[in-house]
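Please read this briefing alongside the sequence and the coordinates.

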There are 2 protein chains.
Amino acid sequence: MGEGLTDAVFRPGSVAVVGASSKVDSPGHDYVRSLVDFGFRGPVYPINPRAAEIAGLPAYPSLSAVPGEVEYVISCIPADGVLALIDESRAKGVRVLHLFTGRFGETGKAEGVALEREVKERAATAGIRIIGPNCMGVYDASHGMAFRPDLPREPGDVAFISQSGNNSVELMLHGAARGLRFSKVVSYGNALDLSEADFLDYLADDAETRVIGAYIEGTADGRRLLDALRRCARAKPVVVLKGGRTGAGSRTAASHTAALAGRRQVWSAVLRQAGAVEVDTFDELIDMLVAFAFLRDARRTTDDRQQTGGDGRASVGVVGGGGGRAVQSADVCEEAGLRVPKLPDAIRATLREKAPDLADWVDNPVDQSILAGSAVSGARVLEMMLDSPAFDALIANVGEDWVLGRPDAIERMAHLVDRFAAIGRQARKPLAFVLGPADSPDETKWRAVEGGRRRLTDARLAVYPSVDRAASALARFMVHRSWFTAWIAEGAAQ
Amino acid sequence: MGEGLTDAVFRPGSVAVVGASSKVDSPGHDYVRSLVDFGFRGPVYPINPRAAEIAGLPAYPSLSAVPGEVEYVISCIPADGVLALIDESRAKGVRVLHLFTGRFGETGKAEGVALEREVKERAATAGIRIIGPNCMGVYDASHGMAFRPDLPREPGDVAFISQSGNNSVELMLHGAARGLRFSKVVSYGNALDLSEADFLDYLADDAETRVIGAYIEGTADGRRLLDALRRCARAKPVVVLKGGRTGAGSRTAASHTAALAGRRQVWSAVLRQAGAVEVDTFDELIDMLVAFAFLRDARRTTDDRQQTGGDGRASVGVVGGGGGRAVQSADVCEEAGLRVPKLPDAIRATLREKAPDLADWVDNPVDQSILAGSAVSGARVLEMMLDSPAFDALIANVGEDWVLGRPDAIERMAHLVDRFAAIGRQARKPLAFVLGPADSPDETKWRAVEGGRRRLTDARLAVYPSVDRAASALARFMVHRSWFTAWIAEGAAQ
């Protein structure tokens, strides 16, 4: 397997779960169940000396008792059994060992650190690559690999690498609600052998991955990470949430994954230099993955630069919602670094034909309540703005709150959203929608908002739960797009 | 009625809805229906020359045709009928006129501005106070006043004044999902007569209001607003979202409520000077209302100052969630201006008795996955931290994602949350919970999170959908508490 990382990590031919359990509420059961439920494409061998069958599969007392080949082992046994497991794996010809098993370097104890070192050496000698320890491992739905039965079954094109297991689960669940689907996800814990740089190198060339997210607490090789990030970021957008940015965060990272967190300024400089997008919170991470997955034209290779109005800022047009929303939209867009130009004369001229009373009143952002009862809909103005050279990007507030008060809220929402979705499908500029959050305690309202959001995400459109989050994501997206366009132009000139 | 504002505004004895409609999908119907559904405590008179009955009530062709007294009029007729309505109202002895009617100064047209001026003068001459124009009006559930049938029926102790109608609806719906209930809400639009200062003056003395929120786009009298804010902020916490902070926002505010938005720096200075809390987004507004409504001990009058660790920052203890969440919690708390001290020796000594292996490993923030399987629960550590003088405030991550993967997620969540809620009820320090968002497309997961959140909010506890929002709200809350404590101490010393 050499230095690099091959498909055996994400797509092994066979898997054994050592420490498999018939107790349904345990990781040793979850791994077997997940492989079964996701339809893993190869044999799955539960290993347990005291069970005949686990999750419907015949169990074996030991790795060596397995009749066929075993390429990949998931370890759920305690740390003190891992050295013997490596010996057994070597004898069986195993290529990859995923250690869900924790309690190594992260405990801060000398014996944990020493054991971790010995595991690393023994596995290297045996030619076995290690994922972890102290991690959830690999998700690749199209190959039937998953670490929890409730993760999305349908594969997608976003990859996520995470030094934290719970972050990987949260990202997939909350990301799925926003329409994200995943090509490959790996929770890699202490990164004893396979590291963030290995996974990034692999994902840079992975044809199934179009966008990459990462949660990284530390690195053992900053230079290699910079190289890997740089290569990735030039191939596809990369969004990084750095854990352990502060003194307290860095101390906590050490007890979580034994990571050397490093100084925030250094990390920010590395990420900027590499062309990666740095985010500070989990919500921002999801928001930027949504932006790169769904906003149109993330990576323009032509040189038709955005309308900068002479000051370098991208211009945004905003429609929808009432007057308060319009005011807030203007504020948060401008504060996010976007320019909010007035409605251009060409659009006013068209409006004047259909709604002469409103043509001089309505502006950008478009207050939907001004248009109410006129011959012009907010959706129609959105179309005009998409066609206008005055706007580089658009935000559409669905403005659902007035719909939610109606008894037929679900149908109305569907109707309202379908019109927006049709426009979104045709849009050739970045267009972000604002709808939600779907957090109502009232079931009808939850269904209305959730259903509306799903109609938009099914059309592969970017939906944000507030206009400030939409504005912030759109602004970062436009800055990244400028950087990428400039980088391409530079390359073409050389 | 004089200069001030009396109960007639929120609690009139009788209401007529002029422009009442039998069309269920219209404001003229909604107002009648809302008064009926909320059980308005007095007669409600729908006025419509072409209907015999509206929403089950007998309709009258005109105000003068109403047999009884009319104290309060809600106008849903077009702007060109308002002057005549004022004359009719004067003849009928009306005291308050709420103009849902819009299209006055906000249109930017000379005739709209002129009409608005005339309305103001004629109403003043008639001794009639105006709410609006261009607004939703008044909500006071305990008196049966409401402007939409789907607003919360149960009254509470948070007041909200808003220059925007859609903001008032959104705040109530999304706030209700977070457990907020409202004493009085008023959407006051163009503030032609009754202004933000009038409402604030009233709410400062309102015994039913414990916390005040405001969305303000502009003011006609900055000095009076400062005085009103100062008086309010010394009586109860006041949170202000200023609309029109930016150039584009200010332009938009003019076309929304004809407001003169003013410069951001001036507003920020005024709010700070008054002791109000300024927020920049709608989510922050809700988060701070939740903080002041539910965090313990918002207004200490004793002088036991918070533990500042010598650097003026409040100290926070964090429990719950896995290692990634612990690292993120540390980062966002420190970045929000809170101090994240190490676990004190006294707590380690107690831990050593029950879980000797973990006592030197576990730290603050407490990584729940370290405690898993030990004799110590995260909830128990939270109790110890609440008792420890090392922490001024606490954050508890419910860490629900591991629960959500289970078939019995709803029951497990209830069990998990009930233990936290019991601790929260006893807590004598500010304690914020992190749970959600409840945005899953999966019904079981939505029900589990929504149900868990409701168990916490029913116990009047503060719940945030992310740890960064909890940290930010808690940090602002602690700063405000310091200010208030210092102000009280100063007053006592004089």
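The notes below go from the overall layout to single residues.

This is a predicted model, in which local features need pLDDT of at least 70 and side-chain atom pairs count only at pLDDT 80 or more, while totals for chains, interfaces and linings use all residues. Residues are numbered from 1 along each chain as its sequence is written, and chains are lettered from A and ligands numbered from 1 in the order in which they are written. Helices (H or I, at least four residues) and strands (E, at least two) are DSSP runs, numbered from the N terminus.

**Domains and nonpolar core**

- Chain A is divided into domain 1 (1-151), domain 2 (152-294) and domain 3 (300-493), with bounds that come from an automatic or database domain assignment.
- Between domain 1 and domain 3 of chain A, the C-alpha centres lie 47 Å apart.
- The largest nonpolar core has 339 residues, and Leu474(A) and Leu474(B) have the most contacts inside it; such a core is a set of buried Ala, Val, Leu, Ile, Met, Phe, Trp, Tyr and Cys residues joined through C-beta atoms within 7 Å.
- A residue is buried if 20 or more other C-beta atoms lie within 10 Å of its own, exposed if 12 or fewer, and partly exposed in between, with C-beta atoms placed from the backbone.
- Leaving aside residues up to four places away in sequence, Leu474(A) touches Ala291(A), Val316(A), Leu338(A), Ala393(A), Ile395(A), Pro430(A) and Ala432(A), where contact requires C-beta atoms, placed from the backbone, to lie within 7 Å.

**Parallel strands in chain A**

- Strand E6 (residues 96-99) of chain A has Val96(A) and His98(A) pointing one way and Leu97(A) and Leu99(A) pointing the other way, and all are buried.
- Strand E5 (residues 72-75) of chain A runs parallel to E6(A) and is joined to it by 4 bridges, with Ile74(A) standing opposite His98(A); two strands pair if DSSP finds at least two bridges between them.
- From E5(A) the chain passes through helix H2 (residues 82-92) of chain A to E6(A) in a right-handed β-α-β crossover, a term that applies if, with the strands pointing away from the viewer, the path from the first strand over the helix to the second runs clockwise.
- E6(A) also pairs in the parallel sense with strand E7 (residues 129-131) of chain A over 3 bridges, and in E7(A) the bridge partner of His98(A) is Ile131(A).

**Parallel strands in chain B**

- E1(B) runs parallel to strand E2 (residues 44-47) of chain B, to which 4 bridges join it, and Tyr45(B) is the bridge partner of Ala16(B).
- The chain crosses from E1(B) to E2(B) through helix H1 (residues 27-37) of chain B, and this β-α-β crossover is right-handed.
- E1(B) is likewise joined by 4 bridges to strand E5 (residues 72-75) of chain B, again in parallel, with Tyr72(B) as the bridge partner of Val15(B).

**Contact between the chains**

- The contact takes 64 residues from chain B and 64 residues from chain A.
- On the side of chain B that touches chain A, the largest share, 11 residues, comes from H10(B).
- By class, that side of chain B has 20 nonpolar, 25 polar and 19 charged residues, where Ala, Val, Leu, Ile, Met, Phe, Trp, Tyr, Cys and Pro count as nonpolar, Asp, Glu, Lys and Arg as charged, and the others, Gly among them, as polar.
- Helix H7 (residues 247-257) of chain A has 9 of its 11 residues buried, so it is largely enclosed by the rest of the structure, and what covers the buried residues of H7(A) includes H10 of chain B.

**Backbone details**

- A cis peptide bond joins Gly132(A) and Pro133(A), with omega about 0 degrees, and Pro133(A) is found in the loop between E7 and strand E8 (137-139) of chain A.
- Ala191(B), although not a glycine, has a positive phi of about 55 degrees, and Ala191(B) is buried, with 28 other C-beta atoms within 10 Å.

Methods
Contact = placed C-beta atoms within 7 Å.
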